[in-house]
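The following note was prepared for a colleague who will examine the model alongside the text. Its points are numbered so that each may be checked separately.

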Amino acid sequence: MVGTPHDRPAGATRAPGPEDVLTAAEAAHLAARQTPPADEIHALPPAPPQPADNRDTVRLPRRRPAPRRLRHAPLAVAAVVAATWAALLTYVPVAAGLGLVQLVEGAGSVGGTARLGLAGWLLGHGVPLRTPSGPLGLAPLTVAGFAAWRVSRAGVHATRAIRARGSGSPRRALAVAVAVGIAYGVLGLVAGALVNASGPPLSPIRAGGTLAVFGAFAALSGALRSTGGLGAVAARTPAALRDGLRTGVVAALAMLGIGALLAGTAIAIAGGDAADTIAAYHTGAAGQAGITLICLAYAPNAAVWAAAYLIGPGFAIGGDTVVRATEVNVGALPAVPLVAGLPAAPLDGPAALALCLPLVAGAVAGWLLARRVRAASPGTAEGGWRRLLGAAVIAGPVAGVLLGLAAFASAGPLGDGRLAEVGPVGWQVGAVSSGVMALGTLTGAAIGWGLLRRRG
C-alpha cells in the first residue's frame, strides 16, 4: 500500500519522480539553444561601455602643451624698419605741401617735387641748404616736432619688436636709441646725396650726422618709456632733483604756450595785412594754399620768438635789427605773412604788464611743485620744505636750458646779407630765462606751500 505525504516521517526527502526529470531536461535543452557555441563567442562585437557614475570618477588634469617661445626680431632689422617708416611718414606731408604749387600750376615735375620735398625734409631736421641767395638754415619747427614724435614712436616700435617692452633696462633702451639713430642717419645720408645730385647743394655727411643725432635722442625718449627704464632711472634720482627737472619742464612749456598765445593774437589782429601779403604773390588758389602751409610750418618758430620777446632778449629780423619789449628797430621786412604781427613800437602803458607773464609761468610751475611735495610728504613739514626749496632752485636753470635750446633751434639764416641773422640768440634767452624762471618758481612754491599748510 502506498503511503501519502502525510504518512512520511519528518525530515525525509522525496525521491524525484518522472515529472521532475522531464522538467529538468526541458530546462537544459532551452539553455543549450540560447547559449552560442564556444567558437562563436569571440566573434561577437564587444559590449558598449556603460556610462560611469560621474560622482565616483576622478578626472586627471589635462596636460597643456608647453608654450611656444616667440622669436624676437633682430635689433638691426627692427631699427631699420621703424626708422624707415618714421621717415616716410614725415617726408610725405612735406613733399605734398611744397609740391602743391608746382603740381597744380604745372611749374614742375614729379621728380622735381620729390627732390624738393627731400630738401624741405632735411631742412626740417636742421640741415642747412645752399641757395643762390645764400644759406637757408631756418628750420620749420612744425616739421621738426612732427619728426621727433614719429622717431620717438620708432623707438617704441623697435623696443616691442625685440621683446624689451617693460624690461626696465636703460641699457636696452640705449641700444635701441643707438640702432634707430644709425638707421635714421643712413637715411639722411642717402637723402642728402639725392638732393645734392640735382637740387639745392648741401653736405650729405652733415645731413647724415645731423639726422643720426636727432634720431638717437628722439628714439631714446620713446625707448625709455617703453622699457620702463625712465622709471628705473627716476627711482635712483634724488627727490629734489627729480622734482626740479619736472618743474623746469613745466615752466618752459608754460612759457612757450604763452608765447604761442601772444604770437597768434598778434597775427590775428594784423590778419588783413597778412592776407594782403599772401594775395600779393599772385599764385592762384593753389599757391596761396602752399604759402599758408609754409607759414603753419614756421608757426612754432613765431611762438618761440614771442616768448623771447617777453623774457627780454627779443629776436632779430636781419642784421642790425632787434625786436624786444623795450626796443623795436627793423628796416624793410620780407614779404612773409608771419611778420605782419610784428610790433611797431616798444611796450608802454597797460600793455607793459605782459612782461610779468614769464614770472607767472614760473609761479604756476612752482605752485604745482608745492602741491606735489606736500602730497608726497604730508607729515614732515621741515623735510618737505627742504625738498621744495631745492627743487625750485633747480627748476630755474632747467627751464632756462630748455628755452635756450628752443631759441637756438628756431633761429637761422635766410640767405646772405641782411637776412643772415633771423630769430633770437639762444644763449641770451637761456641765461635771462634761468633767472626769471627761478624767481617765479620760488615765489609760486612759497605761496603754494604756505596756503597748503594753512589748509592743513
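Leaving aside its neighbours within four places in sequence, with which residues is Leu388 in contact?

1. The answer to this opening question is a set of five names: Leu369, Ala370, Val373, Ala445 and Trp449. Please note that the model under review is a predicted one. Leu388 itself belongs to helix α15, which spans residues 381-410. With a relative accessibility of 1%, Leu388 is classed as buried, because the limit for that class is under 20%. A further distance may be checked on the display: 9.8 Å separates the C-alpha atoms of Leu388 and Arg371, and these two residues are 17 apart along the chain.

2. The chain has 456 residues, of which 36% count as buried. Its secondary structure consists of 16 helices and 6 strands. The accessible surface amounts to about 25900 Å², and carbon and sulfur atoms account for 66% of that area. Where contacts join residues at least 6 apart in sequence, 76% of them link residues at least 24 apart.

3. Apart from neighbours within four places in sequence, the residues in contact with Gly362 are Ala251, Met437, Gly440 and Thr441. Gly362 and Gly444 are 82 residues apart along the chain, yet their C-alpha atoms are separated by 7.1 Å.

4. Gly188 is part of helix α7 and is buried, its relative accessible area being 0%. When neighbours within four places in sequence are set aside, its contacts are Leu122, Ala207, Gly208 and Leu211. The C-alpha atom of Gly188 is 9.4 Å from that of Leu118, a residue 70 places away along the chain.

5. How do the axes of α7 and α8 cross, and at roughly what angle? Helix α7 covers residues 170-198 and helix α8 residues 204-227; their axes come within 6 Å of one another and cross at roughly 150 degrees. The two helices are therefore roughly antiparallel, a term applied to angles over 145 degrees. The crossing is right-handed. Classified by residue type, this contact comprises 20 nonpolar and 8 polar residues, with no charged ones.

6. Helix α7 also packs against helix α3, which runs over residues 75-98; here the axes come within 8 Å and the crossing angle is roughly 50 degrees. This makes α3 oblique to α7. The crossing of this pair is right-handed. On the α3 side the contact involves Leu75, Ala79, Val80, Ala83, Thr84, Ala87 and Thr90, and these meet Ala175, Val176, Ala179, Val180, Ala183, Tyr184 and Leu187 in α7. By class there are 12 nonpolar and 2 polar residues in the contact, and no charged ones.

7. A further helix pair is formed by α10 (residues 239-269) and α13 (residues 299-311), whose axes are 7 Å apart and which pack at an angle of about 105 degrees. Helix α10 is therefore roughly perpendicular to α13, as the range for that description is 65 to 115 degrees. From α10, the residues taking part are Met255, Leu256, Ile258, Gly259, Ala260, Leu262 and Ala263; their partners in α13 are Ala302, Ala303, Val304, Ala306, Ala307, Tyr309, Leu310 and Ile311. The contact divides into 14 nonpolar residues and 1 polar residue, with no charged residue.

8. Arg163 has a phi near 60 degrees, which is positive although the residue is not glycine. This arginine is placed in the loop between α6 (141-161) and α7. Asp320 likewise has a positive phi near 60 degrees in a residue other than glycine, and its place is the loop between β3 (316-317) and β4 (322-324).

9. Is Asp320 buried or exposed? Its relative accessible area is 76%, so Asp320 is exposed, the requirement being over 50%.

Technical notes:
Residues numbered from 1 in each chain as written. Predicted model: local features only at pLDDT ≥ 70, side-chain atom pairs only at ≥ 80, totals over all residues. Heavy atoms only, no water. Axes fitted to C-alpha atoms, helices over the stretch in contact; angles between N-to-C directions. Helix = DSSP H or I, 4+ residues; strand = E, 2+ residues; numbered from the N terminus. Parallel < 35°, antiparallel > 145°, perpendicular 65-115°, else oblique. Left-handed = near helix turned anticlockwise from the far one by under 90°. Nonpolar A, V, L, I, M, F, W, Y, C, P; charged D, E, K, R; others polar. Buried < 20%, exposed > 50% of the residue type's maximum accessible area, 1.4 Å probe, protein only. Contact = heavy atoms within 4.5 Å. Areas by Shrake-Rupley, 256 points an atom, 1.4 Å probe, with all protein chains shown as cover.
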